[in-house]
Every structure is written in structure tokens, then in C-alpha cells.
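Here is a short report on charge pairs and a surface patch. Look at the sequence and the model first.

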Amino acid sequence: MAVVRFHLVSALSPEDVLEVLTDFSPSRAEAWPTIDTEHFKVHELGDTWAEVTEGTAAAWERARYEWERGGDTVTITTLDSKLFGAGGGWVFRMVPEGDGTRVDVELTRQPSTFKGKVLAALLPVVAPSSLRKSFAGPLRAK
């Protein structure tokens, strides 16, 4: 199992970060560079949860998002993934910092294929900087 932890500082308020992370409208694929319209589907959507498939042809996953209204955490559980299979996921924690928000991110991957195991071994080295960059736009990170 691979675990990657990093943080970024957003110019957005914690409430706005929560809104960006849990906006499953059609504009999601436009806002996030790692999601294309062909690989974005909302399967079910509740008040504080969603089950979606998102990603690209190279790397997609079906996941369940859970959060609390006004809360500070979004938990994403991977149900299926092209590269890693079920298990693992993401945790985003938002903490007010100055005029913005510190977003602590934890990514856990449980690889199920040889390719997934190789990628999981590389995640701690390459993921923090590349993920920080891909989240910078949607989360307005400094």
C-alpha cells in the first residue's frame, strides 16, 4: 500500500474549498485537469455524498465522496480504478490559514496489478509535486 501526504495553501475559504471538491456539475471536467468529459459520470448524488466515475482514459476511478455540510473533511473511497482497483482513496482536510485555507491531502493506493504496484512505488516520489500542480488551479493554490 502506498500513502502520500502533502498540503497546499488555497486563496479560497474552507467553505469554498469544500464547494469545489464536491461540485459534481458538468463543469467539473472543465475545472479539473485530470478529468475529461468522456470519463466523468455521476452515478448517484446525495446531500453529503456522491458516487462518481472520473478521470481520463489513462487513469480513471469510480469513487464514493462523503462530507458534512460546513465540515472540514472530504473523504473519497475508491470503489474501482483502472490502475489500482478497489480500496484506498483520498482525504482532504481544510484548515483556515490567514485569508485562505491550508488543504492537507492524503492519498492511499492499494495496487492490484503489476503496473499498479510499480506506479504505487513511485507515488511517494513523484505524486506530491504533480498533484499539488493539478490541484492548484481548481483550488486557487498559492
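The structure holds 7 salt bridges, each a side-chain nitrogen of Lys or Arg within 4 Å of a carboxyl oxygen of Asp or Glu. The model is predicted: local features need pLDDT of at least 70, side-chain atom pairs count only at pLDDT 80 or more, and totals for chains, interfaces and linings use all residues. Residues are numbered from 1 along each chain as its sequence is written, and side-chain values use heavy atoms, with hydrogens and water left out.

| Salt bridge | N to O distance |
|---|---|
| R28 and E54 | 2.8 Å |
| R109 and E61 | 2.9 Å |
| E66 and R64 | 3.6 Å |

R28 and E54 form a salt bridge. This pair links distant parts of the chain: R28 sits in helix α2 (residues 28-31) and E54 in strand β3 (residues 49-55), 26 residues apart. Helices (H or I, at least four residues) and strands (E, at least two) are DSSP runs, numbered from the N terminus. R28 is buried at 4% relative accessibility. E54 is buried at 10%. Buried means under 20% relative accessible area, exposed over 50%, partly exposed in between (1.4 Å probe, protein chains only).

R109 pairs with E61. The two link strand β7 (residues 100-109) to strand β4 (residues 60-67), 48 residues apart. Both R109 and E61 are buried.

E66 and R64 also meet. E66 is partly exposed at 37%, and R64 is partly exposed at 27%.

On the surface, F114, V118, L122, V125 and V126 form a nonpolar patch with about 510 Å² of accessible area together. Patch residues have over 30% relative accessible area and no salt bridge; like charges are joined within 9 Å, nonpolar side chains (Val, Leu, Ile, Met, Phe, Trp, Tyr) within 5 Å. Areas come from the Shrake-Rupley method with a 1.4 Å probe; for residues, only the protein chains shown count as cover. V118 lies in helix α3 (residues 114-139) and is partly exposed at 39%.
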